[in-house]
Amino acid sequence: MPSSEWYETGLPHIWLPYAQMKTAPTPLPARSTQGSVITLHDGRELVDGVAAWWTACHGYNHPHIRACAEAQLARMPHVMFGGMVHEPALRLAARLAAMLPGDLERVFYTDSGSVAVEVAMKMAIQYRINRGEPERRRLLAFKGGYHGDTLATMAICDPEEGMHHLFSGVMPEQAVIDLPRDDATRAAFENFLQTQASTLTAIVVEPLVQGAGGMVFHDPATLSFLRSAADRHGLLLILDEIFTGFGRTGTMFACQQANIVPDIVTLSKALTGGTMALAATVARRHVYEAFLSDDPEKALMHGPTFMANPLACACANASLDLFEREPRLEQVATIAAQLSTALEPCRTLPGVRDVRVMGAIGVVEMDRIADPASLRTRFAAEGAWIRPFRNIVYLTPAFTISEQQLDFLANAIRRVLKDG
């Protein structure tokens, strides 16, 4: 087969994500990855500034994760999790429970972040049903939030967000209001709960960073406020740590910066170091205990076919090994300092509204970006894989990225934005 035949014959049959297929730029053919570099089929190299949608926290092809994956592949790549368990999944569950704050101790595995959030939503709703409170079935989420693209998760995303507004009226209606980040929005939030709390089961929020909603930051005090409000009104607090979990904001989990314990937390993205698809919904003891009964209808009836895939769990355990053995959080702090310095000159460029950094997240917010796909093509021509969206250009690199590579990415942003 000619070396490029797979591309020409396969491309006409692919439907790409987040793309208008009639006008989308031709996708780049990746051949291999190593560290923070993607090598294309023609030999060109791109420094990856987004770590494969924020997942490859240790860089690509880390030898420890690869060795553990190879060993597990030879031993048992998969077995059903219905009525059967295995060492990688149980070992990972125990490690996650030990790492997470408080009594977050029951791990339900899924394959993707969206499904992990759906499971959290089902848990929160059935929690009320099992407790004899079926009227408390709505969820409260926030404008600017993003929790997935499946039908149920779209209902708790920003209703005006471009990906989901077409489905208005199809999805179950949930409550979506302003995040209580200042005096005015906190007052409005409290007024809302005074009249609506009796219909709600839980609050859902991305802690510290609303990621796909525009990399919008809020402080730990906001999380503390939400925890307190949830307690006062008898609500569960669900933290979607799919983006923020595993060091991205500077602590292992974002909720640790507010010293709070959510009732349910969702994890994915960097869980396996970007190697395999895996997600988890982790519940506190009192949530889990609401499902214990002699009545089979009170069980959580959910079970993805590839739930707790042994190969993925082995990769996740290997990733946690690296967090224990290597100075990942120190590396995040170093990245934060370097991004703050390297991106600050962008503040003076035409059309730049804001520059902000939290942990290994660097954001240049524009007044508008007319064509994000075209901008992505220009970055690729500079040798940088940077994927702007909405009105932001951002970096979420691997924690192992070199100082030189990070400067290269920041310089590429400055050059491209300066040229307009």
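This is a predicted model: local features need pLDDT of at least 70, side-chain atom pairs count only at pLDDT 80 or more; totals for chains, interfaces and linings use all residues.
Student: Okay, which domains does the assignment give?

Tutor: Domain 1 is 5-62 + 327-419, and domain 2 is 76-325. Those bounds come from an automatic or database domain assignment. Taken over C-alpha atoms, the centres of the two domains are 27 Å apart.

Student: And how many residues does each domain put into the contact?

Tutor: Domain 1 gives 27 residues and domain 2 gives 30 residues, with contact meaning heavy atoms within 4.5 Å.

Student: How much area do domain 1 and domain 2 bury between them?

Tutor: About 2400 Å², with 67% of it on carbon and sulfur atoms. Buried area here is the accessible area (1.4 Å probe) that two parts lose on being put together, summed over both. On the domain 1 side, Trp54, Met358 and Arg390 supply 27% of the area buried against domain 2, more than any other three residues.

Student: Which elements give two or more residues to the domain 1 side?

Tutor: Helix H2 (51-54), helix H11 (328-343), and strands E13 (352-358), E14 (361-366) and E16 (392-395). Helices (H or I, at least four residues) and strands (E, at least two) are DSSP runs, numbered from the N terminus. The residues on that side divide into 19 nonpolar, five polar and three charged. For those classes, Ala, Val, Leu, Ile, Met, Phe, Trp, Tyr, Cys and Pro count as nonpolar, Asp, Glu, Lys and Arg as charged, and the others, Gly among them, as polar.

Student: Switching topic: how many salt bridges are there by this rule?

Tutor: The count comes to 22. One of them joins Glu190 and Arg232, with the closest N and O atoms 2.2 Å apart. Glu190 is in helix H7 (residues 183-196) and Arg232 in helix H8 (residues 220-232), so the pair ties together parts 42 residues apart in sequence.

Student: Is Arg232 buried, exposed or in between, and which cut-offs apply?

Tutor: Arg232 is partly exposed, at 47% relative accessible area. Buried means under 20%, exposed over 50%, and partly exposed in between (1.4 Å probe, protein chains only).

Student: Which other salt bridge does Glu382 form?

Tutor: Glu382 pairs with Arg415, the closest N and O atoms being 2.7 Å apart. Glu382 sits in the loop between H12 and strand E15 (384-385) and Arg415 in helix H13 (residues 403-419), so parts 33 residues apart in sequence are tied together. Both ends are partly exposed, Glu382 at 29% and Arg415 at 34%.

Student: Which residues are linked in a network of salt bridges?

Tutor: Glu344, Arg347, Arg353, Asp354, Arg356, Glu365 and Asp367. Within it, Asp367 and Arg353 have their closest N and O atoms 3.5 Å apart.

Student: Now Thr281, buried or exposed?

Tutor: Thr281 is buried, at 0% relative accessibility, and lies in strand E12 (residues 279-284). A polar atom of the Thr281 side chain is 2.7 Å from the backbone oxygen of Ala116. Beyond neighbours within four places in sequence, Thr281 is in contact with residues including Phe108, Met123 and Ile264.

Student: Which phi value does Phe246 have?

Tutor: Positive, about 65 degrees, although Phe246 is not a glycine. Asn259 also has a positive phi, near 55 degrees. Phe246 lies in the loop between strand E10 (236-240) and strand E11 (264-267), and Asn259 is found in the loop between E10 and E11 too. Phe246 is buried at 1%, whereas Asn259 is exposed at 71%.

Conventions. Residues are numbered from 1 along each chain as its sequence is written. Side-chain values use heavy atoms; hydrogens and water are left out. A salt bridge is a side-chain nitrogen of Lys or Arg within 4 Å of a carboxyl oxygen of Asp or Glu. A polar contact is a pair of N or O atoms within 3.5 Å; within protein, one must be able to donate a hydrogen and the other to accept it, and residues adjacent in sequence count only if both atoms are side-chain atoms.
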